[in-house]
Amino acid sequence: MVVLPGLAVAAAVTLSACSTDALNPRETITQGYVADEQALELVPVGSSREQVLLALGTPSTTATFDSEVFYYISQTRVRQAAFMNSKLVDQRIMAVYFGKDGRVENIANYGLQDGKVFDFVSRTTPTGGKDQGFIGQLLSGVAGGGGAAASQAGRILGGGSM
């Protein structure tokens, strides 16, 4: 039997293109704003609102409690197979707090750790307040397996309640 060299090379290339990822139907979906360390370095405390918008882009949503706050929200969902519903596994909210003068006072990156709202920048659990209640409601969708708060965050991100 004669094996053509070109055919052997083509078969080798075809087999090398196969990967075990094709056998794993699991899919991870990330929506919203994913924090970039280089972009965050462009927004130190004292930056103007315009600097924040240029470096980080338009926020997912804003709020005015005592002063203005920009919220950048992201969600990570996992789907076991293409035909299955996705499950919310992580949600982060980066909050940029402005002072009365319109300059950045603080930046926090909230998520859930051990079922509690946790700031991954200062490594602390924040105390109560209107802002913390709002963040807690949005993040409670992760711990509660979805629900109205996760649906609201999904609407903010433009994806609805997946």
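The legends below describe close-up views of a predicted model. Local features need pLDDT of at least 70, side-chain atom pairs count only at pLDDT 80 or more, and totals for chains, interfaces and linings use all residues. Residues are numbered from 1 along each chain as its sequence is written, and side-chain values use heavy atoms, with hydrogens and water left out.

View 1. Strands are DSSP runs of E, at least two residues, numbered from the N terminus, and two strands pair if DSSP finds at least two bridges between them. Antiparallel β4 (residues 87-98) and β5 (residues 104-113) are joined by 6 bridges. Isoleucine 93 stands opposite tyrosine 110 in β5. Tyrosine 110 also has a bridge partner in β6, aspartate 119. Between β4 and β5 the hairpin has 5 residues, and glycine 102 takes a positive phi near 80°.

**View 2. The tilted pair of tyrosine 33 and tyrosine 72**. Rings of Phe, Tyr and Trp (its six-membered ring) pair if their centres lie within 6.5 Å; planes under 30 degrees apart count as stacked, over 60 as edge-to-face and the rest as tilted. A search of the whole structure finds 2 such pairs. In this one the ring centres are 4.9 Å apart and the planes stand at 50°, so the pair is tilted. Both tyrosines are buried (under 20% relative accessible area, 1.4 Å probe, protein chains only).

**View 3. Phenylalanine 70 and phenylalanine 98.** The ring centres lie 4.8 Å apart with planes at 70°, so this pair is edge-to-face. Phenylalanine 70 belongs to β3 and phenylalanine 98 to β4, so the pair ties together parts 28 residues apart in sequence. Phenylalanine 70 and phenylalanine 98 are both buried.

Notes. Helices (H or I, at least four residues) and strands (E, at least two) are DSSP runs, numbered from the N terminus. Buried means under 20% relative accessible area, exposed over 50%, partly exposed in between (1.4 Å probe, protein chains only).
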